[in-house]
Amino acid sequence: QVQLGESGGGLVQAGDSLRLSCAASGRAFGTYAVGWFRGSRQTPQNERESVGAIDWSGERTYYANSMKGRFTISRDNAKNMVYLQMDNLKPEDTAVYYCAAGGNNGVVTSRNPREFRYWGQGTQVTVSS
């Protein structure tokens, strides 16, 4: 069992940066891939938009095309933490951001939300123009 909690959201202006954190508890967190997703509070879990994902080791990261070059995912397994650095934020990045743990033996084989078993409660990011 893995429990996740996101933090770091807030209200920023277009062009600003934010770093979201995902804190995990539970055994073997370091063996899971972690994905970041976004949507509204009403968006069903399996329909949330993939932001990107990172494998268990942190060596491989994957991003949605619209986030490449602006968003960076990293992790610190010693601290059970995963981070989402968001730069040059745009109003269309406004959403609730979720982290999720899963994958196939820690490998990211798909960024489909269905591949991720454990989810946090989300943190709101609002970008004003």
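**Exercise 1.** Which residue of strand 9 does Trp36 stand opposite?

*Solution.* A word on the model before we start: it is predicted, so local features need pLDDT of at least 70 and side-chain atom pairs pLDDT 80 or more, while totals for chains, interfaces and linings use all residues. Residues are numbered from 1 along each chain as its sequence is written, and side-chain values use heavy atoms, without hydrogens and water.

Step 1: strands are DSSP runs of E, at least two residues, numbered from the N terminus, and two of them pair if DSSP finds at least two bridges between them. Step 2: strand 4 runs antiparallel to strand 9, joined by 7 bridges. Step 3: across from Trp36 stands Cys99.

**Exercise 2.** Find the sulfur partner of Cys99.

*Solution.* Step 1: look for a disulfide (a pair of cysteine sulfur atoms within 2.5 Å); the whole structure holds 1. Step 2: Cys99 is joined to Cys22, S to S 2.1 Å. Step 3: Cys22 lies in strand 3 and Cys99 in strand 9, 77 residues apart. Step 4: the link is right-handed, with 70 degrees about the S-S bond.

**Exercise 3.** Decide how covered strand 4 is.

*Solution.* Step 1: call a residue buried under 20% relative accessible area (1.4 Å probe, protein chains only). Step 2: 7 of the 7 residues of strand 4 are buried. Step 3: Ala33, Gly35, Phe37 and Gly39 point one way, and Val34, Trp36 and Arg38 the other. Step 4: strand 4 also pairs antiparallel with strand 5 over 5 bridges, where Phe37 has Ser50 as its bridge partner.

Methods:
Helix = DSSP H or I, 4+ residues; strand = E, 2+ residues; numbered from the N terminus. Buried < 20%, exposed > 50% of the residue type's maximum accessible area, 1.4 Å probe, protein only.
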